[in-house]
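Open the model in your viewer and keep the sequence panel beside it. The tour goes from one selection to the next and says what is there.

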Amino acid sequence: MYRIIKVLNNNAILALDQEKKREIILLGNGIGFGKHPGEEIKMIQSAKIYTLVTKKKQTSALKVVNGIKPVYLEATGRILEEAERVFEKVSHDSLLPLADHIALAAKRAEEKMQIPNPFTPDIKVLFEKEYKVALKGREIIREMTGAEISDDEVGFISLHIHSARSDEKVSETLDNTRLINEGIRMIEEYFQIDLEQDSLGYNRMMSHIYYMLVRTRKGEQVKADLNDFVQVKYPKEFAAAEKICAWIEQELKKEVQPYLDAVKLAPEKVRAFLDAILTR
């Protein structure tokens, strides 16, 4: 049973889940029509339930919700539904943070004050499926609010979607993207080359480095060890990787396993990882 705290509009209700003692948002066509604060309702079959997580624990959900126009909550709900079609499982805790971001993005678009996202090209590669959902999200935002958000904002929304389907914070994912971007620039400088961003080798390398960063942050170990093989077979590439790992250790303040541990895979995959470097 739910007790209505506030009817946001005809399609959105802020309520208290009386059994779990937590605030939630219910989204669904017409579910708020004729409803009133204090009224008790049963679960509405057509409604989606979103748990409320705020950026600051001491901030009440009601205060945050009051600061976001209901249309942005609805738009965000539709975007998360799109994400669920692709990924099946998406955390509903992400409604408020993403709605808050979209509301600010729409305001920036209206005021023509865009925040640049230098990592948008990398985000498109690393989180291709999330980016495609975010592109559909841009259409939803345009349709529901009239706001035309930029490609850079689509990149930021992609990170929120990734966060909703993983245990990573948006800030952590963005920092991983930054480290990958700077690491690849170091590789280009070391070998005096320009890596082809559309190549399969480049994409694989980005993916390997990303998962290396994730494992490093979590302190996870990789069982296979091909360091000796790689060091003998590709000494220059190994030296470059050691240099990058040392830099990443300084950035993360955590120990990185010797060499980019992405090469600690099946031998046939080692070459794929190095393709982006060796093709020059």
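Which residues of α5 are buried? They are E130, Y131, V133, A134, G137, R138, I140 and I141, where buried means under 20% relative accessible area, exposed over 50% and partly exposed in between, with a 1.4 Å probe and protein chains only. Helices (H or I, at least four residues) and strands (E, at least two) are DSSP runs, numbered from the N terminus.

Two notes before going on. This is a predicted model, in which local features need pLDDT of at least 70 and side-chain atom pairs count only at pLDDT 80 or more, while totals for chains, interfaces and linings use all residues. Residues are numbered from 1 along each chain as its sequence is written, and side-chain values use heavy atoms, with hydrogens and water left out.

**Whole chain.** Colour by secondary structure: the protein chain has eleven helices and five strands. Of its 280 residues, 48% are buried.

**Helix α5.** Select residues 128-145. These 18 residues should span 26 Å at 1.5 Å a residue, and the end C-alpha atoms are 25 Å apart, which agrees; the expected span is 1.5 Å times one less than the number of residues. Now show the neighbours: the buried residues of α5 pack against α2 (70-87), α3 (95-110), α4 (120-126) and α6 (151-164). Contact here means heavy atoms within 4.5 Å. Just after α5, click on G146, which takes a positive phi of about 85°.

**H160.** Next, select H160 in helix α6. Is H160 buried or exposed? Its relative accessibility is 13%, so H160 counts as buried. Leaving out residues up to four places away in sequence, H160 touches P97, L98, H101 and V170.

**The sheet.** Select the five strands, which form an open sheet in the order β4-β1-β2-β3-β5 with antiparallel pairing. β4 and β5 (48-51) stand at the edges with a single partner strand each, so one side of each has no neighbour in the sheet. α2 packs on the sheet and touches β1, β3 (22-27) and β5; the direction of α2 makes about 105° with that of β5. Two strands pair if DSSP finds at least two bridges between them.

Zoom in on β1 (residues 2-9) and β2 (residues 12-17), which are antiparallel and share six bridges. β1 and β2 form a hairpin with two residues between them, and V7 stands opposite I13 in β2. β1 is also joined to β4 (residues 40-41) by two bridges, again antiparallel. There, R3 stands opposite E40.

**Helices α7 and α10.** Finally, select α7 (residues 170-191) and α10 (residues 235-252). Their axes come within 10 Å and cross at roughly 145°. Axes are lines fitted to C-alpha atoms, for helices over the stretch in contact, and angles run from 0 to 180 degrees between N-to-C directions. Show the side chains where the two helices meet: residues there include R178, L179 and M186 in α7, and K243, I244 and W247 in α10.
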